[in-house]
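Subject: Structure handover

Hello,

Here is the structure I said I would pass on. Please open it first, then read the notes below it.

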Amino acid sequence: MATVSDNSASTSSLSIIVEKPSSSQLAELGINSWPKWGCPPGKFPLKFDAEEICYLLKGKVKAYTKGSSECVEFGAGDLVTIPKGLSCTWDVSIAVDKHYKFASS
């Protein structure tokens with residue numbers, strides 16, 4: 001995977017990574033010991049002050065990065081990495097239930 005980065009303070013180079021993990025990867029990460037969070041359908045503006053890794057148990061989301069019309073879609077069964085400093089709006093069409101953890105700084 002190629003990444004393009006620039007030296008500006010723009011968040012345009014920050015991208016959400018979506019993976020389909022195997023059950024052994026989930027066990028290795030210890031997903032079931034992570035805290036849980038959920039939300040109903042709706043639109044939620046979010047700013048990530050730390051990198052977050054989350055595993056969606058339920059739900060469907062379109063995440064629109066601030067300042068861009070492009071979106072990243074993810075849902076139940078996806079392991080999602082959201083970079084530190086990203087501002088986006090989650091457009092939740094199916095209620096979300098997820099395990100999450102923030103990267104230690």
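Thr81 is found in strand 6 (residues 79–82); helices (H or I, at least four residues) and strands (E, at least two) are DSSP runs, numbered from the N terminus. This is a predicted model, in which local features need pLDDT of at least 70 and side-chain atom pairs count only at pLDDT 80 or more, while totals for chains, interfaces and linings use all residues. Residues are numbered from 1 along each chain as its sequence is written, and side-chain values use heavy atoms, with hydrogens and water left out.

Thr81 counts as buried because its relative accessibility is 14%. Buried means under 20% relative accessible area, exposed over 50%, and partly exposed in between (1.4 Å probe, protein chains only). Leaving aside neighbours within four places in sequence, Thr81 is in contact with Ser15, Ile16, Ile17, Glu19, Glu51, Glu52 and Ile53, where contact means heavy atoms within 4.5 Å.

One of those residues, Ile17, lies in strand 1 (residues 17–19). Ile17 has 33% relative accessibility, so it counts as partly exposed. Ile17 and Thr81 are 64 residues apart along the chain, yet their C-alpha atoms are separated by 5.1 Å.

Now the whole chain. The protein has one helix and seven strands, and from the N terminus on the order is β-α-β-β-β-β-β-β. Of its 105 residues, 31% count as buried. If you take the contacts between residues at least 6 apart in sequence, 78% of them join residues at least 24 apart. The accessible surface comes to about 6500 Å², and 52% of it belongs to carbon and sulfur atoms; such areas come from the Shrake-Rupley method with a 1.4 Å probe, and for residues only the protein chains shown count as cover.

Next, the interior. In soluble globular proteins, nonpolar side chains tend to be buried together. A nonpolar core is a set of buried Ala, Val, Leu, Ile, Met, Phe, Trp, Tyr and Cys residues joined through side-chain atoms within 4.5 Å. The largest one here has 15 residues, and those with the most contacts inside it are Ile16, Leu56, Val61, Phe74, Val80, Ile82 and Trp90. Strand 4, strand 6 and strand 7 (87–102) are the elements that give two or more residues to this core. A second, separate core has five residues, including Leu26, Ile31, Trp34 and Leu79. Ile16, from the largest core, is in contact with Ala63, Val72, Phe74, Val80, Thr81, Ile82, Pro83 and Leu86, again leaving aside neighbours within four places in sequence.

Last, a pair of residues with opposite surroundings. Is Gly67 buried or exposed? Gly67 lies in the loop between strand 4 and strand 5, and it is exposed because its relative accessible area is 88%. Ser87 is found in strand 7 and is buried, with a relative accessible area of 12%. Not counting residues up to four places away in sequence, Ser87 touches Leu46, Lys47, Tyr64, Thr65 and Lys66.

Regards
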